[in-house]
Amino acid sequence: MRACFGCAQIAIAAVAWWFVGSAAVAQTPISFRFNDPEAPQMRQALNVFEQLNPGIKVDMQRVTWADAQQQYLREAAVGAAPDVAQLAQVWPRAFGAAGALRPVDDLIEKTNIGVAGWDQYIARDMQQGADGKTYAIPFTVDTFAMVYNKALLKAAGYDEFPKTWQDLRAASLAVRRKTGKTGFGFPAGSCGTPAIWFFLNFYWWSKGWALIDKGPDGKFFINISADQIAEGFDYYDQFLKDGDNPKSNLSICLWGAPEIVEDMVKGEAAIASVPDAVGVQIVNTFKQRFPDKQVPFAAATHPADVNGSKTFFGGRSLGISANSKHVDEAWQLIRFLSQPDPTFTRFYTNYVQPQKPILNYDRLPAEIAPGFTEQIKLARTWGPYGLGPVAIPFMWNAVGRAAGSVFIGEKSSKDAASELREAIAKELAKNQH
Amino acid sequence: MAVVAAAVPAAVAGRRRRRNLLGECALLFLAFVIMLVLVYPTAWIFIASFRTPETMFAVGGWVFTLTNYTHLLSSGFARAIFNSLFLCATSVVLSTIVAVSAAYVFSRLRFRGKRPLFAAVMLGQTFPWIILVTPLFILFARLGLLNDYLGMIFVYVSVSIPFSIYLLVGYLEAVPRSLDEAAILDGCSLFQVLWRIVFPILLPGVVATATYAFLLCWSEYLFALAFLTLTDLKTMPLLLNAYFGENVVEWGNVMAGSALMTLPTLLLFLPLQTRMTSGLAAGSVKQ
Amino acid sequence: MKGQRRFIVTMLTPAFFFLVCFYLYPTVFNVANSLTDLSLFGLRCGGDWIGVANYIDLVTSPDFRRVLWNTVIWLTAIGVTVRLLAGLGLAFLLTSRTIRKYRLETIGRVLLLVPWATPPIVAILIWRWMLDTRVGIINALLTGLGIVDQPIPFLASAAWVWPALITIITWNTLPLVTLTFVASLQSLPSELVEAAEVDGATRLQVMRYIYIPHLKPAIIVMGLMSTFWTFNNFVYVWLTTGAGPGLYTNVMATEVYIKAFIDGRLGYSSAVGVLMAAIMAGFGLIYLRVIAQRELRESF
């Protein structure tokens, strides 16, 4: 009798242990597409997440940004998109309309998100679809500022960073004439996502113009004339024509191009317009290469005109795919990544979160932090560009191509400008209802 | 008189010898320059992969290091090497067998519908791959072939068949039909003629074709990007392209990865290159 | 012969299985979609029928002529010609008496493999650096030897960007062409050449009446293959210049990419692709009929 009782005890214990064990072993796998090069750091943050949530296993995937949009849309169309995806901040609206993302309003209502709640997030409008639903949560925010070499500018006779567009032009030319180095070195080339798109928009916005604006009647319209577009082209063309932006910069296209960084680090160029991640790169590479020299860099806001100095809120968002089968776990991950600790304080430290209470550049190197902090206060969201009927990728590519054809001398700025404006007008008419 | 008469031809012969020597030197110099141009770019990548990213592009003061490689291999590149090797080797073997079979039929036999069929094979090459990606993606998704070795092998075999058949038909032209006829008279079946008699002579052409098919698969990006999203299945070109970020280029990984991507093909085909050209002459003297 | 028929079917079926499965559905998909306004964002619901509007749009677009010109003339015609000529020259060099005298042909063939083994993205990477205006070795040589006084921005100037592109593509694709010609040259019995020289033939005559006719099949095969590969090629142009500056080096394949994945117009890009396939198919069929039939008469 006793032995059997013992057997029964063991049997029950074994069965109970098996249940508990399998429940502990049973893990929900979710896939997280993260496309930045800081993948090893993010993996560490995900490990912490897995420790805190033992029932969830995160598989990290990566696709280059150039291919990320088409890949995600293809997968979403067949129901094979990853559970959580890092998206460009301007994608959620179009992706939501395509049925590729799951609206998250109900999840926000249930648990809220962020250090101080959903209403402390910036750029929320960009995450909403035309139907008013929220399709993604802003993850990081960045903007461009002008990083410059104080010593070079001083040698050219400028103690302070120029405040207007004309001053910038003069300063760049002075650097070239007095020191032989590049003044404002910017990528002037064409590819799918050229940097010149940003620089042109900064110029136009500071004058109160914009490619797409929303009228009081709720309809979108083109708030810039062909002449004004041409003025932007001519402005940047001058740098190339006079040589203070070397012609070779026509063959580079992205804002973080190694040529730009190298030129700044080596002191071959005086001014660059870059996002904070690249600014950090410039400062850190300099410190690594010349550990005993003083860092000559500082950051300043872009030149201002009648509408002030304007840059854009860039950044990434996190979304849940429409075909995800593990929505709760995906939301858990997004909430985890929206807290500064530990993701941003320990691992993903070069980036800033788009939540008002913590929107500061304290973790940036001290040389350039003030400039970026100033600039982000003056930044605007893409607004009508992203909310309007003309897709940003289309305009981004078209503007870059038009500028490129002017820079290489193929078209006059007037011709390129009117062709560009016509193309945008056609898209606008086609998609506006 | 006789002395002078004898001296002139000697002088002429001497001048001709010197002209020949000059011509030889010029030719050798030209060959040297060309070889330098062919090899320099790749050699530079190998050298750069042993320098730290900060000093790679500088004009002096290089710092020698192995960390590019250790860092690269520990970040999943080793797995990508295996994936690429497996996919490409399997695809090439399969594609070669299929292509040789078809090429033999096109080259040697006459049958109804031969011209349209051959034209159809060639038509397969006329489409740019970019527009094949989206429909195939949808098809593969429906068939469950996404993130699957089988799907990728199917893709790589299919894209290498058209030109393989075409190239092999060309190579088969140089293999004399008399060999076939003799073998048939001896009582061999067509199957045996192909694989026992013709194939060994065709080997150099097969090696050249297989090399091209391998290299095509090795550096293929578009299809691999669309069909392989699980990190464990990715091939080398995907990882290599990913090191070119928007804000930063991971130069150490790029150089080491490029070197690792170029090295296997060099090692694989170094011993094979003699096979590619020798032997074609044997037995192919045009009657 | 029944046995032969069975053999033909067995040998051909595997190849056609792959071809039909792989190419037929996408072809139908693309032709069908080229008549709709399918967008990348509307993949799930499909596009609306718009007839031949995409084709009309394409042919009347202001950039069409330039894209066509770039693809047909610059990329394909000039590119393939350069490749064939360079391949021929290099093949003659490798099999010349001088080289053979010093036993250099093996090392020549080995070194020839290096550009071929280098993947396109790696080749483009290193050539971009070599062509760089300030740190590139080519400009360093040109200014150092005094050939030019200012460095040339190869990839940034309208005059030089196509030659630079063609150089990169040729460097990467020359080996297969060269090796094919070398193989063909090696199968030429040297007695023929010697006999001709003894008979007093000049170099030029030997070239014209002996070498070229012998090489003709190889030239024909390589010519057609190169044309197909080059016309449809996307990677080289896109990774080197991004079809820029502006749209200066835009070719049809990059146009397909931009329209499909940046503008999201899958229907329109299908139309471009169908047009590309039609052009190549037409070219190929004419080629096969006119030229190849003459040379490869035995097969056809």
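**Figure 1. Helices H3 and H10 of chain C cross in a right-handed sense.** The model shown here and in the other views is predicted. H3 of chain C spans residues 64-94, and H10 of chain C spans residues 203-231. Their axes lie 9 Å apart. The packing angle is about 145°. From H3(C), the contact draws on Thr71(C), Leu75(C), Thr76(C), Gly79(C), Val80(C), Arg83(C) and Leu84(C).

**Figure 2. Chain C is built from 13 helices and zero strands.** Along the sequence, the pattern reads α-α-α-α-α-α-α-α-α-α-α-α-α. Taken along the principal axes, the C-alpha atoms of chain C fill a box of roughly 75 × 75 × 30 Å. The chain has 300 residues, and 47% of them count as buried. Consider contacts in chain C between residues at least 6 apart in sequence: 66% of these join residues at least 24 apart.

**Figure 3. Chain C meets chain B.** On the chain C side, 73 residues are in contact with 76 residues of chain B. Helix H1 of chain C, residues 2-33, gives the most to the chain C side, with 15 residues. The chain C side comprises 58 nonpolar residues, 14 polar residues and one charged residue.

**Figure 4. Chain B has eleven helices and zero strands.** From the N terminus on, its elements run α-α-α-α-α-α-α-α-α-α-α. Of the 287 residues in chain B, 46% are buried. Contacts in chain B between residues at least 6 apart in sequence join residues at least 24 apart in 76% of cases.

**Figure 5. Helices H2 and H7 of chain B come within 9 Å of each other, axis to axis.** H2 of chain B covers residues 67-108, and H7 of chain B covers residues 190-218. The two axes cross at roughly 140°. H2(B) is therefore oblique to H7(B). The crossing is right-handed. Residues of H2(B) in this contact include Ser84(B), Leu87(B), Cys88(B), Ser91(B) and Val92(B). Ser95(B), Thr96(B), Ala99(B), Val100(B) and Tyr104(B) of H2(B) also take part. H7(B) brings residues including Leu194(B), Val198(B), Phe199(B), Val206(B) and Thr209(B). Ala210(B), Ala213(B), Phe214(B), Cys217(B) and Trp218(B) of H7(B) join them. The contact of H2(B) with H7(B) counts 15 nonpolar residues, five polar ones and no charged ones.

**Figure 6. Four strands of chain A form an open sheet.** The strand order is E6-E9-E5-E10, and the pairing is mixed. Strand E6 (182-184) and strand E10 (297-300) of chain A are the edge strands, each pairing on one side only. From one strand to the next, the twist averages 30°. Strands of a sheet pair through backbone hydrogen bonds.

**Figure 7. Strands E5 and E9 of chain A run antiparallel.** E5 of chain A takes in residues 144-149, and E9 of chain A takes in residues 269-275. Five bridges join the two strands. Ala145(A) has Val274(A) in E9(A) as its bridge partner.

**Figure 8. Helix H7 of chain A lies across strands E6 and E9 of chain A.** This helix spans residues 165-179. H7(A) runs at about 170° to E6(A).

Technical notes
Residues numbered from 1 in each chain as written. Chains lettered and ligands numbered in written order. Predicted model: local features only at pLDDT ≥ 70, side-chain atom pairs only at ≥ 80, totals over all residues. Contact = placed C-beta atoms within 7 Å. Nonpolar A, V, L, I, M, F, W, Y, C, P; charged D, E, K, R; others polar. Axes fitted to C-alpha atoms, helices over the stretch in contact; angles between N-to-C directions. Parallel < 35°, antiparallel > 145°, perpendicular 65-115°, else oblique. Left-handed = near helix turned anticlockwise from the far one by under 90°. Pairing = 2+ DSSP bridges. Buried ≥ 20, exposed ≤ 12 C-beta atoms within 10 Å, placed from the backbone.
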